[in-house]
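Here is a walk through one protein model and its ligand. Keep the viewer open and follow along.

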Amino acid sequence: MSILVTGGAGYIGSHTCVELLNAGYDIIVLDNFYNSNRESLKRIKEITNKDFKFYEADIRDKKALEEIFKNEKIDAVIHFAALKAVGESCVKPLEYYENNVGGTITLCQAMKEAGCKKIVFSSSATVYGMNNHVPFVETMTTGGTTNPYGTTKYFIERILMDIYDSDNDWNITILRYFNPIGAHESGRIGENPNGIPNNLMPYIAQVAVGKLECLSVFGDNYDTPDGTGVRDYIHVVDLAIGHIKAVAKALESSGVNVYNLGTGVGCSVLELVKAFEKASGIKINYKIAPRRDGDIATCYADASKARNELGWIAQRGIDEMCEDTWRFQKNNPNGY
Ligand code: NAD
Ligand code: WQD
């Protein structure tokens with residue numbers, strides 16, 4: 001079976017490519033390198049000792065997509081390509097809607113024309129918005145997102161569901177990721193943010209390696225055990241394996257399926273800092289700062305649907321997530 005992976009050079013995409021190749025799938029990777037580079041593709045080949053086809057292309061480029069679908073036999077698409085910086089999306093909403101929503105529409109048009117009707121989409125726990133209570137369950141009402149990035153994910157979910165309603169031959173699989181962290185155990189691929197990281201784990205890792213001075217902990221007066229924000233951190237390799245399970249099911253059936261990919265366990269900012277200190281043996285300098293706009297106190301998954309229907313369960317705990325992040329950071333202090 002042959003899978004087109006959009007955004008396959010990126011953080012989650014590269015780890016998923018490794019697991020797809022290890023599972024025996026043929027892959028075709030598409031990326032415009034907006035937030036990645038060729039080195040990750042080289043390292044996927046090095047880790048797996050397998051080769052694959054790559055197209056440097058943009059999901060908004062209909063002609064390029066038509067060419068790919070003409071040249072390749074594609075059974076399903078795993079669609080990672082997107083812009084993902086929450087803060088930036090508030091400053092550049094049009095770019096986010098154009099790239100994420102517009103790009104997905106163009107991709108689905110090309111898929112439809114080529115008769116490829118199976119798509120696994122990278123959504124986010126952010127679609128549960130501000131108005132639901134933990135643990136988040138797939139049946140909850142979505143929306144109430146707090147930034148344009150999150151709204152792109154909400155809109156795309158709706159668009160994909162409408163595509164299915166119009167044509168029941170499609171398989172639409174929506175994966176709502178919680179907070180992916182960690183890296184491949186080889187230390188060769190991992191998260192490689194441009195500039196100052198927005199997310200907690202890469203920030204901690206860059207403080208540890210001496211690139212950043214001090215972590216700001218955004219709020220210590222939330223209604224949580226230690227007052228800091230609680231999230232459901234999930235190892236990126238577990239997340240990647242979730243895609244293998246999801247695509248295998250998608251290849252066999254049609255329908256719309258939504259799955260949370262999380263551990264079901266919450267971890268606070270200060271707990272993650274402590275776990276990272278233990279994994280790295282390095283003291284993380286931090287200070288308490290005001291809350292960040294748009295943050296909620298607590299976010300974790302009810303992960304039972306993916307367990308029951310996909311037979312998927314996250315295996316790796318917080319200590320392993322920190323050890324693997326640290327190995328990648330230490331070995332690649334300046335990224336790829
Ligand atoms: P990433 O930025 O590392 O990977 C995205 C890849 O898509 C990059 O390689 C980028 O160059 C490429 N890309 C972007 N726009 C493109 C376009 N128009 N055409 C072709 N390629 C394009 O991000 P990631 O963390 O690997 O995220 C992958 C997906 O998962 C995204 O859809 C993201 O929104 C979603 N997601 C990520 C997180 C997270 O915390 N990392 C959480 C939930 C959901
Ligand atoms: C985690 C916790 C912060 C940075 C975001 C997106 C979400 C998804 C995953 C893509 C929170 C605290 C953070 C820092 C801190 N992305 N924090 N100091 O906000 O849960 O989710 O990434 O889809 O859509 O919103 O992740 O890593 O930014 O924050 O104290 O420098 O760490 O307040 O409690 P978040 P995060």
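This is a predicted model: local features need pLDDT of at least 70, side-chain atom pairs count only at pLDDT 80 or more; totals for chains, interfaces and linings use all residues.

Ile 78, in strand β4 (residues 76-79), has Val 120 of strand β5 (residues 118-124) as its bridge partner. That pair belongs to a parallel pairing: three bridges join β4 to β5. β4 also pairs with strand β1 (residues 2-6). Here four bridges link the two strands, and they too run parallel. Look for Thr 6, which stands opposite His 79 of β4.

Now check which way the side chains of β4 point. Ala 76 and Ile 78 go one way, Val 77 and His 79 the other. All four residues are buried.

Move on to helix α5, which covers residues 93-114 and holds Asn 100. Is Asn 100 buried or exposed? Its relative accessibility is 1%. The cut-off for buried is under 20%, so Asn 100 counts as buried. Its side chain makes a polar contact of 3.2 Å with the side chain of Asn 99. Leaving out residues up to four places away in sequence, Asn 100 touches Ala 82, Leu 83, Tyr 149, Thr 152 and Ile 156.

For Tyr 149 the distance is 2.6 Å. For Lys 84 it is 2.8 Å. For Lys 153, the polar side-chain atom lies 2.9 Å from an oxygen atom of ligand 1. How much of the ligand's accessible area does the protein cover? On its own, ligand 1 has 820 Å², and the protein covers 95% of that.

Finish at helix α9 (residues 269-280). How far apart should its ends be? The helix has twelve residues, and at 1.5 Å a residue they should span 16 Å. Buried residues in α9 include Val 269, Leu 272, Val 273 and Phe 276. An α-helix has 3.6 residues a turn, so residues three or four places apart point the same way. Glu 277 and Ser 280 are also buried. After α9 comes Gly 281, with a positive phi near 70°.

How values were computed: Residues are numbered from 1 along each chain as its sequence is written. Chains are lettered from A and ligands numbered from 1 in the order in which they are written. Side-chain values use heavy atoms; hydrogens and water are left out. Buried means under 20% relative accessible area, exposed over 50%, partly exposed in between (1.4 Å probe, protein chains only). Two strands pair if DSSP finds at least two bridges between them. A polar contact is a pair of N or O atoms within 3.5 Å; within protein, one must be able to donate a hydrogen and the other to accept it, and residues adjacent in sequence count only if both atoms are side-chain atoms. Contact means heavy atoms within 4.5 Å. The expected span of a helix is 1.5 Å times one less than its number of residues. Accessible areas come from the Shrake-Rupley method with a 1.4 Å probe; for residues, only the protein chains shown count as cover.
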